[in-house]
Structure formats: structure tokens, C-alpha cells
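Dear colleague,

I am handing over the structure below, and after it I set out what was found, beginning with the interface and then turning to two individual residues.

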Amino acid sequence: MGALPHNPNECFYLHADMNASFASANQQAFPLWRDKPLGVTPVNVPGGAVISPSYELKALGVKTGTRNRDARLMGPGVVLRESTPPLYRQMHREFARILRHYTPDVYPLSIDEALLDLKGCPALKTRSMEGIAREIKRRVREEMGEHMRISVGISTNALLAKVAAGLDKPDGLRRIDASNAEEVLYGLKLTDLPGIAGRNEGRLNQNGVFTVEEFRSADARFLSRQVFGSVEGWHWTRRLRGYQDATLIRGWQKGFSASVQTDVGLSRPDVLLGIVHALTLRASTKMRRKGQGARFLQLMVRYRDGTHFRAFKRVERPVWTAPEAFRQMTLLFNRQENPGSPAVKLIVDLSDAVPGASDQLTIFDIEEADRERRITEALDAINFKYGPYTLRTGLMVGAAVDAHIHDRIPFGSVSDVEELYADEEAWAVPPELL
Amino acid sequence: MHELIRDTRVKVNVTYDGVAGRPVPLWVQWRGKAYRVRKVGKVWTERRGIAKVWCYGVNVGSLDMLVKVCHSPFWVAVEEISDGLPD
């Protein structure tokens with residue numbers, strides 16, 4: 001396998017990535033913020049984090065994940081503003097509509113990036129891959145706004161297309177194929193490869209692999225048996241040589257979580273429980289949309305004095321319905337040793353999720369189980385149509401809870417993207433192509 | 001300066017853009033002053049329950065405003081205002 005040559009075939013994968021998407025979208029909407037160091041944060045409190053810095057803010061050294069209090073100190077004129085989820089959803093839909101003109105095989109990887117498989121598409125008869133990329137870039141500027149920029153990468157597989165898109169930001173266009181793969185890849189760090197971070201980098205380093213060159217030229221058997229301990233090593237050997245895996249998008253995920261952070265300590269138990277239920281509803285809705293149920297439930301609370309509380313429970317039958325999830329989370333919540341202590345962060349985690357949980361029936365309390373199931377389906381259908389928290393339980397009602405349950409935007413996650421357009425026609429084939 | 005104000009004592013003069021197929025604001029009358037919309041940065045929509053709200057990021061010269069218009073039930077509001085300078 002070590003002698004496997006780089007894929008000599010033509011490039012058909014195109015990766016399009018919006019540059020500093022949330023910040024650019026806000027700069028597009030508010031013209032006075034253009035060319036200024038603007039950062040977008042979900043909650044504008046000192047302990048919150050910047051999730052999308054503009055390029056001007058990046059130049060000051062602010063990265064995704066920098067704390068708001070640090071970002072303000074890194075340079076003069078830093079503007080931080082809270083995220084505007086409906087605007088980003090609109091941007092995503094417009095972006096999707098443009099991409100859909102070229103191929104039906106558009107795979108959204110997150111809210112601001114997508115992969116296009118252009119193999120056999122009519123668009124390629126009149127234009128080259130680069131021609132299509134330039135046209136997409138032009139249309140983004142004309143149809144989404146003059147401040148919007150995208151980077152495009154072209155390659156023989158999804159991984160290298162993503163790497164290529166990240167090479168020349170902002171507004172870049174790069175191709176990685178057999179002619180330049182070694183030259184481009186060997187100039188990168190291991191962590192520049194999508195999927196190599198933290199633990200995987202540690203695994204590679206432990207086995208004496210420190211550069212992309214060493215990684216790419218390593219034997220597949222060594223990678224699969226010694227480094228990754230699974231077939232993943234074999235996949236990496238092929239990916240780095242430009243071959244595409246059979247699957248592009250993962251079908252199911254292991255865990256679903258939701259969290260809230262605040263700078264004022266919350267100590268009223270009814271408000272806290274209301275927020276915990278709201279978070280449970282958010283996480284379990286995501287889970288149910290995937291048709292999965294959780295077997296491991298966890299609640300974490302961080303208090304203002306720096307201490308924290310963690311409670312978890314493993315259940316035999318996967319939790320699927322909303323009432324059951326609320327019951328279980330209430331039990332975990334009641335285990336707190338010092339319930340009056342002001343809390344600053346709450347995390348609800350539903351993990352060890354298994355597919356097909358909704359089909360599992362109980363032999364006890366069939367009527368009750370059926371009733372809960374129908375309530376859950378109605379709850380999800382209404383909230384899906386009219387927006388999150390339109391229908392909620394009594395505990396979640398009230399200004400104190402409302403102030404802390406924001407509309408969140410999925411950022412950087414493949415699994416959440418489906419929420420954005422499941423009820424939209426943005427991804428339908430445009431009429432002119434029918 | 002960047003402020004969330006949520007002021008509904010506002011009037012918005014809107015026309016219809018036949019090419020884009022959507023309404024666009026021309027003037028915003030707020031706190032006794034009329035502002036001519038110089039540039040519409042972006043138009044998007046959001047949902048509040050069953051109501052559809054049109055959101056406009058507009059520039060009126062030295063200020064940027066986030067103007068929201070809902071047709072049913074009818075209301076208009078200036079939700080955010082910014083002069084582009086830091087807080």
C-alpha cells in the first residue's frame with residue numbers, strides 16, 4: 001500500500017467555504033461595520049467567546065474561541081455583537097440556491113460550507129472546474145451581497161478539496177491534484193488536515209509521525225493496526241492520496257447537547273429547572289429528528305464560586321419522548337447538593353445515542369407510552385413549523401427563562417445543518433433545471 | 001456605539017422592488033426625525049410564531065439601523081442602531 005500512487009483522475013469535487021461567514025453577513029447587513037474589527041458572539045458577556053471574527057479582527061490576533069474579554073483587549077476599536085441566526089439561515093439558503101444550479105449533489109458540511117460533486121454534470125461541458133468556481137464566486141457577490149467572499153478548493157476527493165479551500169483565505173481558489181499534491185501537502189502541519197486534532201495528533205506523534213509527509217508515506221497496515229487501531233488508518237492512506245471514501249456524510253451521531261452561559265448567577269430553582277427543561281427540549285429535538293434515542297443522560301452545572309455539579313444516569317431503554325427526557329433530567333437536577341448556589345453555566349447532554357429508538361415499544365403502560373409518543377410528535381411538529389420553543393411546558397414560560405434561551409445557530413457541526421433547510425425549498429432543484 | 005433599542009414608535013415608508021420581488025424601505029421616521037435610506041445592506045426574514053417579519057439592515061448616512069416590519073399583525077420597529085464605532 002505504501003506504493004499507492006496519487007489519484008491521477010480528473011478533479012470533480014469542489015469545496016466552497018464562506019469566509020468569516022457570520023461576521024461578513026453582519027458587515028453586509030450593517031455597512032458601517034465593514035473594514036472594522038467585528039466579532040460575532042452568541043452571548044455578549046465577558047465570559048462568552050467569539051465564534052466568528054472578521055478578517056480585520058483576526059489580524060489583531062483574535063481566533064474563533066477567544067473570550068470576549070480578551071478580544072476587547074487585543075486592539076483598539078473592537079466591536080462585538082450578538083449573533084443573528086435568522087440572517088445566517090437566510091445566507092445559507094441563498095448560498096445553497098446558488099450551488100444547486102450546478103449539481104444536485106450538494107453536501108452541506110456546516111452552515112457556511114458545502115461540498116459539490118460535479119462528476120457528469122452538464123455545467124462541466126461548457127466550463128472547467130475553475131470556471132465554475134469563478135462563476136460561483138461572482139454570483140455570491142452579486143446575489144448575496146458585495147461584501148460576501150468565498151474560498152473554493154478543487155480536488156479529486158472531499159478531504160483534499162477542503163484542504164485546498166483553506167489554503168488561500170479569503171477569496172481563494174486552489175486545486176490539489178496529482179501534479180502538486182506533494183508540494184502542497186508537505187507544507188502543512190498535521191493539524192491543518194480536517195479530522196486531525198488533539199487525540200488523533202497525539203496518536204500519530206506517539207508512533208513517531210510528526211509531519212504530513214511522514215503521515216502520507218506511512219504504511220497503511222502500520223496506520224490501521226498501530227496508530228488508529230481500526231480501518232480508519234487505511235482510509236487515511238487513501239484520502240491523502242486523493243481517493244474518495246464511499247460515504248460523504250455520517251448517518252448518525254453519538255451525542256446531543258445544549259448549554260447556556262450567563263454572567264449573572266441564577267439561583268432561583270424554578271428558573272434553573274425551566275432552563276434545564278428548555279435545554280433538554282433543544283437537545284432531544286435534535287436527537288429525535290435523527291430518529292435516535294439516548295441511553296446516557298448527563299447534567300452539568302457550573303456555579304459562580306468556581307465549583308461544579310455533575311450528575312449522570314445510564315438507562316436500559318433509550319430515552320426518546322420529551323416527557324421522559326424531562327422526568328429524567330428533573331431527577332438529575334434534584335440531586336444537587338447546594339441547590340441555592342448561583343449557577344453560571346448549564347449543560348445538558350444526551351449521549352450514547354442509538355438509531356431506531358422510536359420503534360422500541362414497552363410491554364408495560366402501553367397506553368401511557370403511546371400518549372407520550374403522540375404528545376412528543378405533536379410538540380416537535382409545531383416547533384418545527386413555527387420555530388423553537390413556540391410550544392413549551394409550563395416551567396419554560398416566563399421572562400426569567402426567556403432571557404436565557406436564545407435562538408442558537410449551529411456552528412461547525414455537520415449534524416445540525418439539516419435543521420436549517422429541512423423545512424425549506426432551498427435545496428430543491430431550481431425550476432430552470434427541471 | 002451599538003445598541004439594542006426595540007423601539008416601536010417608528011414609521012417606515014416602504015416600496016416594492018419588482019425585480020427582487022420584495023418590499024424595500026425608503027424612509028425611516030424615528031424619534032421625530034426622518035432618515036432617507038441610503039443603502040439596504042441586506043434583507044432577510046424571520047419568524048415569530050406564525051408571523052413573518054421582514055428585517056432590513058439599512059444605512060441612513062452616519063447610522064446603521066435594523067428595521068423590522070411585520071404585516072400581520074402590522075407593526076414596525078427599529079431594533080438595533082449603530083454608528084459603526086466601538087462601544
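In this predicted model, chain A and chain B bury about 2,100 Å² between them, and 58% of that area lies on carbon and sulfur atoms. On the side of chain A, A:Phe30, A:Leu32 and A:Tyr386 together supply 28% of the area that chain A buries against chain B, which is more than any other three residues supply. Counted by contacts, 27 residues of chain A meet 27 residues of chain B.

As for the polar part of this interface, 8 residue pairs are in polar contact between chain A and chain B, both residues of each pair being at pLDDT 80 or more. The rule also finds 3 salt bridges across the interface of chain A and chain B; a salt bridge is formed by A:Glu94 with B:Lys42, where the closest N and O atoms are 2.8 Å apart.

Of the side of chain A that touches chain B, the largest share comes from α4(A), with 6 residues. Sorted by class, that side of chain A holds 13 nonpolar, 4 polar and 10 charged residues.

Two threonines of chain A also deserve a description.

A:Thr376 is found in helix α15 (residues 366-386) of chain A, and it counts as buried because its relative accessibility is 0%, under the 20% cut-off. A polar atom of the side chain of A:Thr376 lies 3.2 Å from the backbone nitrogen of A:Ala322. Apart from neighbours within four places in sequence, A:Thr376 is in contact with A:Arg288, A:Trp320, A:Thr321, A:Ala322 and A:Pro323.

A:Thr156, by contrast, lies in a loop of chain A, the one between β7 (150-155) and α7 (158-165). With a relative accessibility of 6%, A:Thr156 is likewise under the 20% cut-off and therefore counts as buried. The side chain of A:Thr156 reaches the backbone oxygen of A:Gly242 at 2.9 Å. When neighbours within four places in sequence are left aside, the residues in contact with A:Thr156 include A:His6, A:Asn7, A:Asn9, A:Glu10, A:Cys11 and A:Tyr13, and also A:Ile176, A:Gly242 and A:Gln244.

With best regards

Technical notes. Residues are numbered from 1 along each chain as its sequence is written. Chains are lettered from A and ligands numbered from 1 in the order in which they are written. This is a predicted model: local features need pLDDT of at least 70, side-chain atom pairs count only at pLDDT 80 or more; totals for chains, interfaces and linings use all residues. Side-chain values use heavy atoms; hydrogens and water are left out. Helices (H or I, at least four residues) and strands (E, at least two) are DSSP runs, numbered from the N terminus. Buried means under 20% relative accessible area, exposed over 50%, partly exposed in between (1.4 Å probe, protein chains only). A polar contact is a pair of N or O atoms within 3.5 Å; within protein, one must be able to donate a hydrogen and the other to accept it, and residues adjacent in sequence count only if both atoms are side-chain atoms. Contact means heavy atoms within 4.5 Å. Buried area is the accessible area (1.4 Å probe) that two parts lose on being put together, summed over both. A salt bridge is a side-chain nitrogen of Lys or Arg within 4 Å of a carboxyl oxygen of Asp or Glu. Ala, Val, Leu, Ile, Met, Phe, Trp, Tyr, Cys and Pro count as nonpolar, Asp, Glu, Lys and Arg as charged, and the others, Gly among them, as polar.
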